[in-house]
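Please keep the structure open beside them.

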Amino acid sequence: MGQMDAGMKNEMFREEEMDDDDESPSERQIVVGICAMTKKSKSKPMTQILERLCKFDYIDVVIFPEEVILEEPVEKWPLCDCLISFHSKGFPLDKAVEYAKLRNPLLINDLNMQYFIQDRREVYRILQEEGIDLPRYAVLNRDPDNPEECNLVEGEDQVEVNGEVFHKPFVEKPVCAEDHNVYIYYPTSAGGGSQRLFRKIGSRSSVYSPESSVRKTGSYIYEEFMPTDGTDVKVYTVGPDYAHAEARKSPALDGKVERDSEGKEIRYPVMLTAMEKLVARKVCLAFKQTVCGFDLLRANGHSFVCDVNGFSFVKNSMKYYDDCAKVLGNMVMRELAPQLHIPWSIPMEAEDIPIVPTTSGTMMELRCVIAIIRHGDRTPKQKMKMEVRHPLFFELFEKYGGYKTGKLKLKKPKQLQEVLDIARLLLVELGQHTDCEIEEKKSKLEQLKTVLEMESSLNDNQYGHFSGINRKVQLTYLRNGKPKASSEEEDSKKDGPSLLLVLKWGGELTPAGRVQAEELGRAFRCMYPGGQGDYAGFPGCGLLRLHSTYRHDLKIYASDEGRVQMTAAAFAKGLLALEGELTPILVQMVKSANMNGLLDSDSDSLTDCQQKVKARLHEIMQKDQDFTEQDYQKLAPTGSPSLVNSMKVIENPVKTCDKVYALIQSLTSQIRKRLEDPKSADLQLYHSETLELMLQRWSKLERDFRMKNGRYDISKIPDIYDCIKYDLQHNASLDLEDTRELFRLSRALADIVIPQEYGINRAEKLDIAQAYCVPLMKKIQLDLQRTHEDEAVNKLHPLYSRGVMSPGRHVRTRLYFTSESHVHSLLSIFRYGGLLNEEKDQQWKQAMDYLSAVTELNYMTQIVIMLYEDNNKDPSSEERFHVELHFSPGVKGCEDEETIPLGFGFRPASSENEDKKPNQGSLEDLSQDEPDQALQVSDPINIQRRSPMIRNRKTGSMEVLSETSPTHSAKGCTSHRLFISCSRQSPEIKPASGLGFEGCSMVPSIYPLETLHNSLSLKQVDEFLNSVCESNSEVQAKTMKALSGLFASQSQISLYSPQQPLSSSGSEASLRPPGQPLWHGSIPSSAVSSAGPSSPITESSGLNFSFSE
């Protein structure tokens, strides 16, 4: 019987009933009409749901043909008792409204409200009236005839709409809901530009554009951008009491749509919180749409509705199709059965079956990874100071509110432009004069002008114009002028107030630094269960899967320095396999941890202890004689081998400084010669530097290092080492003479000066460390404790998760990117804060010996803490939670190969607790390990090494990559290093040779993680953190204030700690036979038992984290 006939039959049914009440009601069917465009009414979800709906005994379905809807008058449309009708492109909504008036069927989705849903202004108005949270917004209505007349004021980093100011990042949405061209504008501090979203085309849903100014025609809604960690949640209601939610990657992140093997966009069902279920109910009722889709943004612990789409179904979820048909069928029967005398009782089955999660895991399960990481390779940091008295500078100081605090920081391009204008003007004025005081001033103004102008040379580099992040001007008010002349100033005779102008530039992340961070991020994945090899090879593997299925609670914090933030963004890009520009990743994934001063380490505000330490250090380093036994006591009271060795290299500090000074003079004269040579005059150096700029950099060090009184300014040593390290790595092609010797000597000096600035004896080290990082320690303590359930986290919904074998596993990752000061401080706290007693704990003693042999905490230094849970132990027992501490000194230096201290590898606890066998490399034999066999230069990043895996009681088969062949093993020890070397594991990493960096400006590899300790209990760590934080009362008040805001630490140390094979939901870890390479994906069938995928944490190759709860 055709569809039209079905309609006629029903019409007859109806008429017969009116005539003859004896007709048996059982024959009367309820007709559900589907009135929509064919593309929608014949879609797969609709077909699936209607098939299920027809299984209700009394329900028939009639689909209105599209030609009838478009061409026939509504009187000729089929009849129905209940109408499912909704607007889509080309649908005549007016006719549907007319039909509903004529026939008065039960409406599943109200038709008049569908006019409002097409206008974002109306949608927002209704949401607001219902008290539903939505982003702060303003509407800009433009008259198409004269678009100029509108209330829009555009600034560089903000727009003002009808008097409301929106700072970038903000979102610009067309008022018409059918127009999907939504733009997000980024602040200049993050690189500027905008992300243009559109309806999915193939594998793209957005594209980054350098355009920073807003659209000038059309009407738009402007709203605050919500930082959602890169995911959107789509909610689908079926009536007020049922909502299904799915999360997908936010289209704004990198614009690449993730698709599965069938080409469908990958989405994962997530749990809604109680509040969100209430929002779903409100949306469904306010818009009178039983079947309704809307978008939720989860940001800062709140949920905001940002879009209501009206009628829409979930795609590809059998469970949803069943539920949807059941809810709709019951709704129709409940409303219409009584009127039509159809016998029907509401089924009593519960709609929502409660889920009882069971943990049958027998292994320890990774619960939390905390890493503190130093930023990547940067250009040398530079600064220049000058005293200024010109009225124009005072005007500028007043204009930006400098008198309030007496200090002013200028970072924005517009502000820097004003400083540049003043400098140019003064240079013109000074042009006429020629006395020496003016000459000195002139050279400083020239330098100010050069630095402020040089930015444009970086414009062609895609990350270049990072305006304001890599140059800043600080002005400080001096009531009586500058106190005494420093090495830089001539004595000035003038009295009265002046301003001290400090120009800082440089210190930006280099391309090499970006590559280091991204590679480390990639390698870091392997710290998680199942992260080995091509994670796509087995659909239950690894961090990417953990993350994409919302079982990974990731937060990334960075201090507010540009290089630290870009390191964090590049790391996130590698960790989560994102593509494209860093700006969108930075804006969405990286939280600035500078709240309440938690991460600033202002060098201006050194503690008293630090001032005293610096003074003592300078005094010892100014003696023109060989170091005496007494000096060794004074300078290296902890007896650290790295210090003692450097002191031996130096012998006489002043003579060594003389040599360094002579070598710098030789270097500047060589550069001057090159500049005179027309062939090399306009040579491009690394990262768009010129020979001119390189010369300025070195001549300034030459001027400043040796003071007027002939003594050396020891505080310049780190800068000299910084510059020579940079030039040796990146500008080696210049082949300047004696650079290696300058590197060797300045490094020996720096290896004393840098670490000792953070305290010379234990008490000082601890005191200074606490001043820097008590807030961070508190935060780490919270991270370890709060690993228990968190409502605000995106959680995978266990009922709907097809193909996710362990929906219960939830790992928290907290990454803190910071600068050198925090890494030094945090490491000092672990070393000297009394975590363990070296005399009683052999493992800790070895770790301390290793740390004291490490000379430098280089770029990408990591301190990693990993927390594991053993589900078999009593929840209150100390053995339930287990913590590991790991460390890597970061990037390899230029000449490290022969001198590197050897640690004891990366040792997850699982490899040590069970059946020790003589050939299995206990700690003692590892000390005989071959020196750095596994770490050849060809592997840009080797993040880990570890002792052999020992079979654990419940282990399946775990493959280990054995890098040390048995012939090399000392005392029969085969040490395996599990690797993350680019050339091997990650399919998306090109082989190292192809990176093209080893030759000219190479990207050095990063030291693997070393385990400092792998059997701490959470209780131990928690008590230690308590004692360390409480012993510093002066910092206490500041910390409590800071903690009330969420903050992140800048420490740069990252500890890696591997642990037992984790299994949540009983996944078995698989141990591979040593012969098979790491990426060999054969997982024995036993591993995929009822429990789920194998999660071989023991084989994590590069980074293993341990979380402490």
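1. F287 lies in the loop that runs between α8 (274-286) and β17 (291-299), where helices (H or I, at least four residues) and strands (E, at least two) are DSSP runs numbered from the N terminus. Because its relative accessibility is 0%, F287 counts as buried, a term that means under 20% relative accessible area, with exposed meaning over 50% and partly exposed in between (1.4 Å probe, protein chains only). Not counting residues up to four places away in sequence, F287 touches M113, I117, V123, I126, L127 and V308, contact being heavy atoms within 4.5 Å.

2. This is a predicted model, in which local features need pLDDT of at least 70 and side-chain atom pairs count only at pLDDT 80 or more, while totals for chains, interfaces and linings use all residues. Residues are numbered from 1 along each chain as its sequence is written, and side-chain values use heavy atoms, with hydrogens and water left out.

3. In helix α10 (residues 391-399), the buried residues are F393, F394, L396 and F397. They lie on the same side of α10 because they cover an arc of only 160° around the axis, the arc being that of the directions from the helix axis to the C-beta atoms. P391, E398 and K399, on the other side of α10, are exposed. The buried residues of α10 pack against several elements, among them β20 (381-388) and α12 (413-430).

4. Just after α10, G401 takes a positive phi of about 75°.
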